[in-house]
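How do the chains of this model meet, and how do the helices inside them pack? The paragraphs below take these topics in turn, beginning with the contacts between chains.

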Amino acid sequence: MNELLAGIGDAFSLLIALDPDLLEISSLSLQVSLTAVLIAAVIGLPFGAWLSVSRFRYRRSAIAILNALMGLPPVVVGLIVYLLFSRSSPFGVFNLLFTPTAMIIAQTILVTPIIASLTHQTLRELWFQYHDLLISMNASKWQRMKTLLWEGRRGLLTASLTGFGRAIGEIGAIMIVGGNIDHLTRVLTTAIALEVGKGNFPLALGLGFILIAIAIFINMAVHILSKTEREGTW
Amino acid sequence: MKRIFAASLIILNGLCSAAFASDMKLAVTTSFHNSGLSAILLPEVKKDLDLTVHVLVVGTGQALNLARRGDVDAILVHSKKAEQRFVQKGFSPYRREIMYNDFVLVGPSLDPALIGRTGNIGEALTRIKSSGQPFISRGDDSGTHRKEVSLWKISGFTPKKFSKHWYKPVGAGMGAALNTASAMNAYILTDRGSWLNFKNKQELKLLYWGDEILYNQYSYLPVSTEKHPHVKMTEAIELENWLTSSKGQKMIAEFRIKGEQLFVPNAKSSP
Amino acid sequence: MELFPLTLDKAVVRVKGSQLLGPVSCRISSEGLSVIMGPNGSGKTTFLRLLHGLERCREGEIEWGDMGRREAMRSQSYVFQSPIILRRSVRDNIVYPLRLRNVARAKAEREAEKWIREVGLEERMHLDARNLSGGEKQKLSLARALITEPRLLILDEPSANLDGASTRDIERLILLAKDKGCKIIMATHDFGQARRLADDVLFFHHGTILEQGNAQAFFEQPRTLEGRAFLRGDILI
């Protein structure tokens, strides 16, 4: 209990002092996870929409696999990305290992199935609702996907935020491909693990509270911004 | 949609091109990093050589693996046999001894196995085993883990055959293993630096040290440019020269935690 | 390319094994307002969906003049029984079919505003369309259907559940489209509405057409027993 209080205390003193290291790792956390979510959305949203409006032979299996991929183990993804980008590997020449880019790639792989699957689940319902209208109006497949994505925008925002939640709190993959290098690839989660390793629980907890606060802040900010977009009448 | 894509590309690009004037990647062991010595030395390296050293904190096993694949430019590890094999296979041109510290046995402050009064490490380990008190092993193939296994073997035991009721390999880094030990009030082998810097000691106490066999030699191994032409050999050698210079060696000797010296520098003038 | 005559030859529609319509044979000409009548479950909606290309024949044939199914669909508009409204403003709903046809936004919006005035939704223009009343939603559906200037307008009970005033507005809009030369086919349960609007009638029962012909003749002297019973208001099983 005392340690929890000390953690809260540490979180506040870090925040009040605007500790430059804290700002650096927090902003890298945000940069990496937001970029990963953005890329994952660019891939996952259209793919999920495509799955909802397409009928093909192995559709059911594809959906089952996609749903299963939502639970990809981060450490395994990290290891695979590491092995792909290691200097002795096919993509080694890009020299991306232990850079934020490698972390973004790993997190994109983790988040894309989540966004795609949740998109599919949301848009499947909408497709049921708008199927007749869109067919009647002769919308092309691409137009159907675009319309459903727009109609489902609110649910898709939640899907993307779910992906963000997974990314910002993730450690297994970015520890391996980022390496937790000070001032280069250290983010909140890897810094927390480091402090736990040193037995420095209050500081670890403090960083943890800051991580949670950032996640809450992003969620609220997105919801407030998107509601004001159109007089809150979705 | 197009705009989002373009924006993400720009961000990605920005991250990719975060290049540095002069830098290198050094994989070090947890025990070295947790001692806090790197935080003292690296700013001086930056000042003297204008060289930014990116430190990856991993176990010896992973450090050797990173070096073997050419993902780092040099490593600072402590596992003599593995290092010699590594050099033999040509992954590194040589190993250069930098300094040593020592391993210690930590355990419950009441010391139910009575290891505090033993004469050598073999006796201490035997007492722990026969007492049935819990013992935490790193179990992660790190330098410290390998050392621990070899100590058991010297004392005539095979850790693989130990009952898991008291012998618990946790498969984790030094810090995590120490956390487990303090949570279980168990015995554990650790390096002195990690122990002195560890903040979650609870009921644990330093109980046994001093046997010469517990000395822990740290060596510096640059990665071979023959295997990996891209590695930054120049920077790696610059760092090596600094660490073995009189200034570097003096700083290592003067490093103190709570008034205690942690590392004894022992670099020879040439590799 | 011509959509008419629209002919069905022993057409049968089956969905998952159950027969919803047919066999049905008929010929629909390019003019006038045809009303589809018949009890619930007699196949009216399936017939309309078949005409629009939303359902396919399992047996028999359907021909849209010399057009293929997709072209035929493009030259028709369909107003569903319960309005399907997109989650956007009234104007954006009406603009939507033009945007699907790649009409420039500014032009599409001008066109939409014309129709919004026509159906009397000016004050609702920028409102979320899902907040409209039932009557307003149906007017929106009509405006959205008419903005593409279809050759054939199909309506499935357009004024079901609407009050008198809304029904009158809807009928005015239907007649307006008819005056512009658009062929109308609509299903309705409202005898008054059928009498007011119909040029000819197709009377459905158990998935087939029992009577087809001049509206006045049907209402004054139905040829079949079922037709007479239906018009009397008896319960047809």
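What follows goes from the interfaces to the helix pairs of chain A, then to chain C and the domains of chain B.

The model is predicted. Two pairs of chains touch, and of these the pair A and B has the most contacts. Chain B and chain C, by contrast, are joined by no contact, and their closest C-alpha atoms lie 17 Å apart.

The contact between chains A and B takes 24 residues from chain A and 28 residues from chain B. On the side of chain A that touches chain B, the elements giving two or more residues are α2 (20-53), α5 (100-136) and α9 (188-197) of chain A. Of these, α2(A) gives the most, with four residues. By class, this side of chain A holds 11 nonpolar, 10 polar and three charged residues.

Chain A also meets chain C, where 14 residues of chain C are in contact with 12 residues of chain A. On the side of chain C that touches chain A, two or more residues each come from α2 (69-74) and α3 (90-100) of chain C. The largest share, three residues, is that of α2(C). This side of chain C divides into eight nonpolar, two polar and four charged residues.

Now to the inside of chain A. Besides its part in the contact with chain B, α2(A) packs against helix α6 (residues 141-151) of chain A at an angle of about 115°, with the axes 9 Å apart. Angles of 65 to 115 degrees count as roughly perpendicular, and α2(A) is therefore roughly perpendicular to α6(A). The crossing of these two helices is right-handed. From α2(A), the residues that meet α6(A) are A:Leu45, A:Pro46, A:Ala49, A:Trp50, A:Ser52 and A:Val53. Their partners in α6(A) are A:Lys141, A:Arg144, A:Met145, A:Leu148 and A:Leu149. Taken by class, the residues of this contact are eight nonpolar, one polar and two charged.

Which residues of α6(A) are buried? They are A:Arg144, A:Met145, A:Thr147, A:Leu148, A:Leu149 and A:Glu151. Among them, A:Arg144, A:Met145, A:Leu148 and A:Leu149 are also listed in the contact with α2(A). The buried residues of α6(A) pack against α2, α5 and α7 (153-168) of chain A.

The axes of α3(A) and α5(A) come within 8 Å and cross at roughly 130°. That angle makes α3(A) oblique to α5(A). Here the crossing is left-handed. In α3(A), A:Ile63, A:Leu66, A:Asn67 and A:Leu69 take part, and they meet A:Pro113, A:Ala116, A:Ser117 and A:His120 in α5(A). The residues of this contact divide into five nonpolar, three polar and no charged.

Helix α4 (residues 105-119) and helix α5 (residues 134-146) of chain C pack at about 140°, with their axes 10 Å apart. The two helices are therefore oblique to each other, and their crossing is right-handed. C:Trp115, C:Ile116, C:Glu118 and C:Val119 of α4(C) meet C:Lys139, C:Leu142, C:Ala143 and C:Leu146 of α5(C). Six of the residues in this contact are nonpolar, none is polar and two are charged.

According to the domain assignment, chain B consists of domain 1 (2-100 + 217-265) and domain 2 (102-214). The centres of the two domains, taken over C-alpha atoms, are separated by 28 Å. Between them, 16 residues of domain 1 are in contact with 15 residues of domain 2. On the domain 1 side, the elements that give two or more residues are α2 (30-34) and α4 (60-68) of chain B. The most come from α2(B), with three residues. The side of domain 1 that touches domain 2 has three nonpolar, 11 polar and two charged residues.

Methods. Residues numbered from 1 in each chain as written. Chains lettered and ligands numbered in written order. Predicted model: local features only at pLDDT ≥ 70, side-chain atom pairs only at ≥ 80, totals over all residues. Contact = placed C-beta atoms within 7 Å. Nonpolar A, V, L, I, M, F, W, Y, C, P; charged D, E, K, R; others polar. Axes fitted to C-alpha atoms, helices over the stretch in contact; angles between N-to-C directions. Parallel < 35°, antiparallel > 145°, perpendicular 65-115°, else oblique. Left-handed = near helix turned anticlockwise from the far one by under 90°. Buried ≥ 20, exposed ≤ 12 C-beta atoms within 10 Å, placed from the backbone.
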